[in-house]
Amino acid sequence: MDFITEQDADNQNSLMNFSSSRLNIVADSDEEDHHHQQSPGEEMENMNENHYTDDSLIRIERFESDKESKDFMLLLATTYINEARHGRNGYFIPEPKQLRIYSWYNHRGYRLGLFIILLLNLSLVLFEQPAVHGFALPYWATMSMELICITIYCLRLAQAWKFMPLKRHWKDRKIIIVLLCILITLVDMAVFIILYQMKITTFNIRWSRILRPAFIVNFSESRQVRRTVRNIRRTLPEISSVLVLFLLVITLYALLGVKLFENRGIVNIATGKPFFTNFWDAYFDLYVLTTTANNPDIMIPAYNRSNWYSLFFIIFTIICMYIFVSIFLAVVYKNYRTHLKNEVKTVVYRKRRNMKSAFDQVKVKKGGKWVVTFQRWKQLIHYMKPTMSPVQVILFWRVLDENDQGFIEFKQFLHISDLLHVKMDTISSRGHLFERTLSSFYFSKVSTFIRDCVNHKLFVIFFDLVIIVNAFCIALNLESTDMIFIVLFNIEILLKLYTVGPSEFASKFWNIFDTLVIEAATLVYILEAIFQVLRYSQFILDFLLILRVIRLFKIIGNIKRFRVIINTIMEIGPAILTYGGIMFVLYYVYAIIGMELFHARVQDYGNVDFNNLTDMQRWCGTTKLNGSEFSRLFYCEKNFNNIIKSYMVLFDLTVVNQWHVITDGFVRVTHKAARFYFFSFHMLCVIVVLNIFVAFILEAFMLQYSLSKGNFEAAFEKKIQEKGRASSSMQGTGQENHQNTEDCDIISNPLATSNSLQRLDLNFSINEYMTQSGMKFRLRKTRTKKAELLLQQMFEDELDEKDLGPDLLDDENELDDVIERQNEEEADVRSPRKLTLNTIALI
């Protein structure tokens with residue numbers, strides 16, 4: 001969920017600037033306004049272009065002065081740009097009051113508060129019956145907390161009601177779903193209270209609890225989760241034909257198996273029951289065989305009668321497990337890529353529409369065309385990034401205004417949202433801490449020799465060998481060597497820190513990882529030496545053992561190929577968590593259903609003496625499990641008696657090993673119809689969702705791996721580097737040449753000593769400011785969210801600057817469906833082509 005980002009407070013900063021300072025730098029544009037004064041007709045035409053024309057949706061507020069109007073239009077432009085940067089829809093009435101409410105609505109504090117309330121609502125299942133042991137609360141306490149959560153949901157919707165046009169509010173499917181869930185929950189609570197007071201407990205079930213995850217999915221803050229759900233929903237129709245064919249093959253094989261084995265008198269030795277005499281039992285057993293969970297157990301009775309009978313199961317396994325499952329993954333992957341492309345198109349078109357709306361607020365007519373001047377640019381930056389230094393302001397402008405015309409058109413204006421994603425750090429051009437404080441020694445021959453040794457590849461190779469030797473010592477339990485390795489690793493850390501400086505050292509993940517591990521081990525050894533009693537502490541011994549093993553991970557950070565793979569996994573980690581959230585939601589729904597169906601059907605007895613088990617303990621509290629594989633393996637802990645145990649059962653079902661044993665246990669204590677619960681969970685969570693997750697991992701990993709191996713940069717990032725190098729070309733080299741720049745490009749631009757933009761003009765001298773402040777900018781090469789941005793930029797390069805997507809729609813939620821229909825129409829009218837390697841690559 002996208003609750004906390006670095007830029008969440010941008011709209012809030014803009015609001016504060018609008019309400020307090022009233023844009024002090026507007027005066028700078030007076031001269032420009034005298035030169036480009038519009039006629040009343042042109043001004044009205046511009047106003048009509050700037051706002052929606054549907055009078056039923058938007059009411060244009062009258063301003064007391066022209067200055068207030070300009071302030072408001074700058075605030076509105078800032079809001080649209082922030083909408084483009086964050087990928088939001090921009091559903092708000094463009095008036096000052098509504099903008100203030102919308103700004104507060106997107107404030108990080110409110111979003112974090114909503115996230116906490118959503119988690120609280122989900123966590124109520126810990127305290128409701130059947131509750132986790134020791135956490136049970138009376139029903140009125142949990143209902144009171146749920147009512148508080150619902151009240152906050154209603155307040156959130158009421159806040160959206162105030163800034164969103166009424167027509168759009170009732171067309172938003174997310175809002176409708178949230179309202180329906182609230183209404184159903186209230187009705188369910190009322191019915192439960194009435195039945196409880198009437199002491200009717202047989203059918204008194206809180207069935208609305210399965211709707212709680214719907215709040216997470218449908219609040220506007222959960223864009224990534226909702227996008228994943230939408231992707232799954234759109235993939236289901238495409239894969240349904242493969243699923244139906246897959247199930248049909250199992251049906252035919254089940255019929256064939258029953259006819260082949262039912263009259264041959266084969267008995268399953270494990271269960272003592274006839275072999276393949278019931279169609280539904282045979283169907284379920286064959287379905288389990290596709291997961292290999294009951295292989296080769298299922299074929300043993302027939303195999304013992306005749307070895308030739310094994311061909312029946314071998315052919316089935318090859319067809320259903322190796323062929324159909326592979327085809328299924330291929331279909332899922334193909335459709336995932338298609339929907340990914342549509343998602344990227346939707347995001348790009350939405351961003352362009354927001355940028356077009358922003359451009360319309362700040363454009364002026366110059367030379368017969370609409371442009372944004374440098375003065376307008378300064379005013380926008382004052383609203384969007386009040387703390388941005390004048391150097392960065394002028395640098396970004398020169399990147400946009402590549403031809404030094406003094407203005408930019410919409411084509412260049414489009415790149416502002418991408419440009420503001422660029423992260424730049426401020427560093428001292430006078431060197432790091434050791435260069436400044438120990439300059440005489442730092443640049444001496446001895447120090448230079450030490451730093452050259454640290455930067456040499458033999459330094460890395462030596463410590464790689466030390467790690468390998470350390471691994472052998474750990475394997476051979478040579479604990480007496482630990483102190484030697486800790487001293488060596490501490491020397492390595494100190495030498496690196498001395499060579500590159502604290503800031504550069506701390507900017508690398510593996511340096512931080514090594515430091516934490518080594519220093520923790522060092523601290524424990526020191527404490528153990530001081531306090532003799534700690535030597536006999538099992539916790540200390542376990543902690544040291546863990547640190548000794550974790551220390552071996554240092555070699556991953558030192559080998560480039562390993563580092564690329566690990567960094568790739570770390571970059572796609574946030575997206576992986578999104579799919580983890582989807583699995584959490586599905587687990588939650590199935591856990592609630594499982595607790596209602598199977599609660600107390602199986603009893604667990606905790607820690608018991610297995611040598612002195614009673615029959616009821618051995619049978620998990622019910623005679624129905626007597627003689628079952630479930631009781632023989634003592635799976636009594638695998639039950640649905642509370643939410644935590646339910647999650648553990650569902651995780652075991654996801655892994656699929658022995659899942660048929662768990663299913664058989666609950667079928668024995670309930671009914672054969674219980675198989676549908678476990679069957680549906682496996683179909684939805686394992687076959688569908690996990691295959692979509694695998695498709696995502698394949699696509700994301702390949703893209704991120706390419707980014708890690710290559711040098712992919714957006715055009716504006718290259719321009720920033722070029723402008724930075726051009727600005728620093730006249731500077732001396734001096735001590736700054738000794739800085740380590742392995743992972744960054746240094747752009748010689750200082751922080752300005754003044755935070756004012758009034759005196760900033762196109763003749764601004766970066767070199768002069770650099771000399772005065774002694775600071776530089778460092779362009780980060782972080783890859784966080786880089787893949788998604790890169791896909792957007794790749795698609796945007798293919799578009800015309802005026803292409804804002806399909807015809808303007810009343811509801812941008814329909815944009816996804818329109819794009820998908822357009823792609824299908826293009827595929828239908830596409831002329832047939834000769835099959836070649838090139839055409840295959842384009843599919």
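Visitor: Hi! What sits over the ring of Trp-370?

Guide: The charged end of Lys-363 does, 4.6 Å from the ring centre. A charge counts as over a ring if NZ of Lys or CZ of Arg is within 6 Å of the ring centre and within 35 degrees of the ring normal. This is a predicted model, where local features need pLDDT of at least 70, side-chain atom pairs count only at pLDDT 80 or more, and totals for chains, interfaces and linings use all residues. Residues are numbered from 1 along each chain as its sequence is written, and side-chain values use heavy atoms, leaving out hydrogens and water.

Visitor: And which residue lies over the face of Tyr-442?

Guide: That one is Arg-451, at 4.3 Å from the ring centre.

Visitor: Switching to ring pairs, how many aromatic pairs are there?

Guide: The structure holds 56 of them. Rings of Phe, Tyr and Trp (its six-membered ring) pair if their centres lie within 6.5 Å; planes under 30 degrees apart are stacked, over 60 edge-to-face, and the rest tilted.

Visitor: Why is the pair of Tyr-139 and Tyr-196 tilted?

Guide: Their planes are at 50°, so the pair is tilted, and the ring centres are 4.5 Å apart. Tyr-139 lies in helix α7 and Tyr-196 in helix α9, so this pair ties together parts 57 residues apart in sequence. Helices (H or I, at least four residues) are DSSP runs, numbered from the N terminus.

Visitor: What's the relative accessible area of Tyr-139?

Guide: Tyr-139 has 22%, which makes this residue partly exposed; buried means under 20%, exposed over 50%, and partly exposed in between (1.4 Å probe, protein chains only). Tyr-196 is also partly exposed, at 40%.

Note on methods:
Helices (H or I, at least four residues) and strands (E, at least two) are DSSP runs, numbered from the N terminus.
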